[in-house]
Amino acid sequence: MRDGPPGGTADDGTAGAGRARRAIVARLTAVLAALLVLFVLTMPYDFGRLTPAAFVRIPLEALLVVALLLALPSRWSRLVATLAGVALGLLGLLKLLDLGFSASLSRAFDPVLDWALLDEGFAFLSESYGRPAAIGAASALAVVVVGLPILVTLSVRRLRRLAIRHRTATTRLVAALVVLWVACAAFNVRVSGLPVADTSATTLANGHGFQVRLRLDDRETFGALIEDDRFGDTPGDQLLTALRGKNVVVAFVESYGRDAVEDPEFAPQVGAVLDGGTSRLAAAGFAAQSGFLTSPTFGGGSWLAHDTLLSGLWIDNDQRHRTLLASDRMTLNGAFRRANWQTVGVMPAVTRAWPEGSFFGYDRFYNAKTLAYRGPKFSFGTPPDQYTLASWRRLEQARHDGTPVMTELALVSSHAPWTPVPPFVDWATVGDGSVFRAAGGASDERRRSTTQIRADYRHSIEYTMGSLISYVQTYGDDDLVFIVLGDHQPAAVVTGENASRDVPISIITRDRAVLDRISGWGWQDGLKPGPQAPVWRMDAFRDRFLTAFGP
């Protein structure tokens, strides 16, 4: 007589438990596969729409693929499932890229041009959070790029087997969903602003395909625009005649956008700095007028704004940027050089080879190395703006050799991620920057609330504009003409969704004749442009400036 449960053996019980576990795993795998496929299909590609309700959609593409798999012979359905899985995996990657770009730059990913920004992103993470963090982020990205298409393809193949195994039930389900999709489409049923009858996968693919065609066509169109330059052949003695003897500075303030002077969370404090600065500068004999320019970029890509202002061309992508660098287009600083100014570039954030320098043709150029900062890092791994201004004075403004100088100056303490800025110090104590060690350098904080990030952004703008105002008040003279503007608005985490691309611009000088030359522009008095101040596209500035200060 054998021991064991009535009616069976111990082996039978073990086998039954094993079958039950396998059945549970199979069901769980099928559920996870279905959830992954639905997630990729319904995931919004606009960061502003990324809410749970946005996933309540019926993707038409999924219904069509399932119907095709049921209609095809087994061999062909396997091939179609594999191809559909790969395509869906790549679509998921494209959506993730669009989400990232919409969150940081308020635009979609450009499949032709934006691959170069991966290198810029790595550099940003390295400077802001350290090289290990940058390597970790790059490794995670590589895992997603390789793993997502594989997982989605395996999931589609798994769901195909289930659909064929339960052909009748699947057919009925697809038919019911098609009827529901048609009804939702007919009555335009929406959840969270998005249609329940979803065709976003097709829309996204078509949109990016059209974008690729536009980029290819734009090469020829933009080349013609470069050659069409009304000032390209103007002799130097007919350029900038109303600024002879002036030292002209074009200072770009990182992320200084319209929201800094109009958003209720920033405007009172930033406005107080600007209004107080206007009064202090007036007491020192200076006057200012201000307006707005519309930047070609948002949230990043500062070089596109520099290109646009200086070249008089709309440079809103890296293809145009590279085409410009390969041309002989006369830039604003090139016009000054042609008119016998010395030209200087001061770029404290440049830490590597910088091919733009040969195009802009500065007579002297100062980068992170030649500025010789010896203090702690702040914000984007760069010296504080007060040090940059003090170093520019030591290296250039104090030379007094009689030759007028035009300077392009980048002030970057207000660069993302907007970690705390140092306190303002007496100009006489700036030295090599060691004085800032008492401030402790950039914060080690990695996780901040949106409220804290916005507050840090505001403080950085107050710091940079306060430093600039103090510098002009302390060291400005009768020959100084200071043009200060933002390069672009900060990222959407600061501005919110659908913010404008406008940035403030001001001209500061003691010479009223300089401001009389721009009286027809309609700019407003002071450093803070009001809501009714004129708005131009940034590419219009070069020609307006050369016209106003020409013969």
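## Basis

The model is predicted, so local features need pLDDT of at least 70 and side-chain atom pairs count only at pLDDT 80 or more, while totals for chains, interfaces and linings use all residues. Residues are numbered from 1 along each chain as its sequence is written, and side-chain values use heavy atoms, with hydrogens and water left out.

## Salt bridges across the sequence

Side chains of opposite charge can pair when their charged atoms come close. Here a salt bridge is a side-chain nitrogen of Lys or Arg within 4 Å of a carboxyl oxygen of Asp or Glu. The count by this rule is 14 salt bridges. Helices (H or I, at least four residues) and strands (E, at least two) are DSSP runs, numbered from the N terminus. Buried means under 20% relative accessible area, exposed over 50%, and partly exposed in between (1.4 Å probe, protein chains only).

Arg57 pairs with Asp198, with the closest N and O atoms 3.1 Å apart. Arg57 sits in the loop between α1 (10-42) and β1 (58-59), and Asp198 in strand β4 (residues 197-198), so this pair ties together parts 141 residues apart in sequence. Arg57 is buried at 11% relative accessibility. Asp198 is buried too, at 2%.

Asp511 and Lys246 meet in another salt bridge, at 2.9 Å from N to O. Asp511 is in the loop between β11 (502-509) and α17 (512-517), and Lys246 in the loop between α7 (200-227) and β5 (247-253); the two are 265 residues apart. Asp511 is partly exposed at 24%, whereas Lys246 is buried at 9%.

Arg454 bridges to Glu265, the closest N and O atoms being 2.6 Å apart. Arg454 belongs to helix α15 (residues 450-475) and Glu265 to the loop between α8 (259-262) and α9 (267-283), so parts 189 residues apart in sequence are tied together. Arg454 counts as buried at 12%. Glu265 is partly exposed at 33%.

Asp229, Arg329, Arg542 and Asp543 are linked in a network of salt bridges. Arg542 and Asp543 are among the buried residues of α18. This helix (residues 541-548) is mostly covered, with six of its eight residues buried.

On a 1 Å grid over the protein atoms alone, a pocket is an open set of points where a 1.4 Å probe fits, with protein on both sides within 12 Å along at least five of seven lines; lining residues have an atom within 4 Å of a point. The second largest pocket holds about 890 Å³ of space. Of its 31 lining residues, Val37, Leu41, Ala62, Val66 and Leu159 are closest to the centre.

Elements giving two or more residues to this lining are α1, β1, α2 (60-71), α3 (74-105), α5 (131-165) and α6 (167-186). Helix α2 gives the largest share, six residues. The lining divides into 26 nonpolar, two polar and three charged residues. Ala, Val, Leu, Ile, Met, Phe, Trp, Tyr, Cys and Pro count as nonpolar, Asp, Glu, Lys and Arg as charged, and the others, Gly among them, as polar.

## Ser77

Ser77 lies in helix α3. Ser77 is buried, at 0% relative accessibility. Its side chain makes a polar contact with the side chain of Arg160 at 2.9 Å. A polar contact is a pair of N or O atoms within 3.5 Å; within protein, one must be able to donate a hydrogen and the other to accept it, and residues adjacent in sequence count only if both atoms are side-chain atoms.

Not counting residues up to four places away in sequence, Ser77 touches Leu69, Leu72, Arg160 and Ile164. Contact means heavy atoms within 4.5 Å.

Terms used:
Points joined across faces, edges and corners; volume = space filled by probe spheres on them.
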